[in-house]
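Dear colleague,

Please find below the structure that I am handing over to you, together with its sequence. My findings follow it.

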Amino acid sequence: MIKNKKKPDWILLFILVLITTAIVGAIFLSPHLRTPTSVETQKALLILTEAAETALSMQQAESQKAAIQDQATQEIEIIPSPIPTQKTVNAVEYFRNNISQESYADWIRKLSGEKPVLIGGQEYKIETRYSYAMFTGQQNAKAKEFLLETIRQWMPENQITQEEYVYIDATSENKWINIIVTFPGEIKPEEEVLFTAHYDSCVVFEGDPMKYAPGANDNGTGVATILEAIRIFSQMKFDRTVKIVLFSGEENFQQGSKAYAARHAADNIIGVINMDMYGTDKDNDRCFEMYVGELSGSHQLADLMIQTIQQNGLNLKYDYLTGDAYSLADQTSFWNVNIPAVTAMENFLPETTEGGCGVRDRTDFWHLPGDTTESINLPYAFDIGLAGTFTVLNLAGAHPVPIIE
Ligand SMILES: [Zn+2]
């Protein structure tokens with residue numbers, strides 16, 4: 001580049017020397033040798049001037065070209081452009097870069113009363129998330145308030161919905177609430193991908209659920225995955241609409257998901273990924289159960305989840321359960337209205353599929369006061385959470401929002 005710039009200078013100098021020699025020659029030498037006509041002299045001068053002009057314009061063009069090249073070089077190599085840099089990070093990579101096992105575990109401790117939470121600047125402990133306790137204003141059951149306040153840190157109010165439904169049991173009429181967070185799709189907004197978990201808890205075999213039902217595994221593991229998803233999804237854009245739904249009333253025969261599926265049966269839901277209780281892996285075989293059912297759409301969802309696990313090196317094994325899937329979980333509410341849905345759960349059922357998880361390896365504290373963070377295999381739960389989340393990212397066509405600094 002420097003050589004190209006200098007070369008026209010030499011050409012110019014050479015031509016100027018020629019012009020000078022011609023003029024000097026014309027004035028001083030010509031009369032002694034011969035007598036050129038003034039026309040001949042003028043003609044020679046004209047040609048030389050033209051040549052000089054051409055050389056000059058060539059030099060100008062060269063230096064202009066060099067300036068443009070210099071600028072281009074600067075733009076590419078010297079000033080980093082933030083947009084292309086951001087675009088090279090895909091959604092899965094971006095998600096991984098923004099989450100840690102510790103940030104995940106922290107939500108479980110807060111949701112199960114092991115760590116205090118702040119709601120409206122005041123400290124509380126969430127000792128139970130039993131629906132009957134949460135929706136009657138109990139001070140030890142402020143999970144809904146905590147979730148809403150947490151989500152509001154990341155999401156604008158118009159993307160958060162509290163959807164109330166009525167559940168009539170043998171003795172009372174109850175108004176319970178599902179929480180919905182909507183990320184509108186930008187290319188196919190009418191197509192919805194649901195990412196769901198139940199946030200209520202229960203104790204059945206011991207204790208009083210109105211007083212203490214920590215539910216760290218059931219389903220703190222799922223809600224923590226969902227909270228981390230909302231936090232990081234808030235920095236992304238999606239081709240399809242993503243709806244994150246936190247159900248109440250699951251421990252009362254899936255009231256929350258039944259109400260949701262009934263109300264939204266006509267929505268264009270292309271798939272539901274439901275996360276429910278996946279913190280136990282005592283034998284460290286990293287195997288979990290997928291409740292896939294019989295709908296072909298559910299099979300497609302499960303296949304995508306398996307592919308996602310393999311592509312991202314999550315090192316998880318699974319039981320692929322169709323007819324023998326566990327039915328008392330929220331995916332059943334969707335299957336019943338023909339909406340494809342898959343639930344991820346720990347190795348909960350007795351041995352079912354050959355080559356799958358083998359002997360059951362489930363929590364010893366199911367629906368017991370002992371369901372605390374202590375008994376959770378965090379690396380296992382964390383990775384199942386990622387498997388579900390990455391499947392949603394793939395299905396919804398997610399892109400991180402470029403951050404221009
Ligand atoms: Zn559960």
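Helix 12 is followed by Gly397, a residue with a positive phi near 65 degrees. Please bear in mind throughout that this is a predicted model.

Helix 12 itself covers residues 378–396. From the first C-alpha to the last, its 19 residues reach 27 Å, close to the 27 Å expected at 1.5 Å a residue. The helix is mostly covered, with 16 of the 19 residues buried.

One partner of helix 12 is helix 10, residues 296–311; the two pack at an angle of about 110 degrees, and their axes are 9 Å apart. Angles of 65 to 115 degrees count as roughly perpendicular, and helix 10 and helix 12 are therefore roughly perpendicular to each other. The crossing in which helix 10 passes helix 12 is right-handed. On the side of helix 10, the contact is made by Leu304, Met305, Thr308 and Ile309; helix 12 contributes Ala387, Phe390, Thr391, Asn394 and Leu395. Sorted by class, this contact of helix 10 with helix 12 has six nonpolar and three polar residues, and no charged ones.

The C-alpha atoms of Ala91 and Gly397 are separated by 8.7 Å, although the two residues are 306 residues apart along the chain. Ala91 lies in helix 4, which comprises residues 91–97. Is Ala91 buried or exposed? A residue is buried if 20 or more other C-beta atoms lie within 10 Å of its own; Ala91 has 23 such atoms and is therefore buried. Leaving aside neighbours within four places in sequence, Ala91 is in contact with Met236, Leu393, Ala398, His399 and Pro400.

The crossing of helix 5 and helix 8 is right-handed. Helix 5 supplies Ser103, Tyr104, Trp107, Ile108 and Leu111 to the contact, while Ala216, Gly220, Thr221, Val223, Ala224, Leu227 and Glu228 come from helix 8. The residues of this contact of helix 5 with helix 8 divide into eight nonpolar, three polar and one charged.

Several backbone features may also interest you. A cis peptide bond, with omega about 5 degrees, joins Asp218 and Asn219. Asn219 has its place in helix 8, residues 216–233.

Two asparagines have a positive phi without being glycine. For Asn284, phi is near 50 degrees; this residue is in the loop between strand 7 (269–275) and strand 8 (287–291). For Asn315, phi is about 50 degrees, and the residue lies in the loop between helix 10 and strand 9 (317–321). Asn315 has 11 other C-beta atoms within 10 Å and is exposed.

Finally, some totals for the chain. It has twelve helices and eleven strands. Of its 405 residues, 39% count as buried. Among contacts between residues at least 6 apart in sequence, 80% join residues at least 24 apart.

With kind regards

Conventions
Residues numbered from 1 in each chain as written. Predicted model: local features only at pLDDT ≥ 70, side-chain atom pairs only at ≥ 80, totals over all residues. Helix = DSSP H or I, 4+ residues; strand = E, 2+ residues; numbered from the N terminus. Expected span 1.5 Å × (residues − 1). Buried ≥ 20, exposed ≤ 12 C-beta atoms within 10 Å, placed from the backbone. Axes fitted to C-alpha atoms, helices over the stretch in contact; angles between N-to-C directions. Parallel < 35°, antiparallel > 145°, perpendicular 65-115°, else oblique. Left-handed = near helix turned anticlockwise from the far one by under 90°. Contact = placed C-beta atoms within 7 Å. Nonpolar A, V, L, I, M, F, W, Y, C, P; charged D, E, K, R; others polar.
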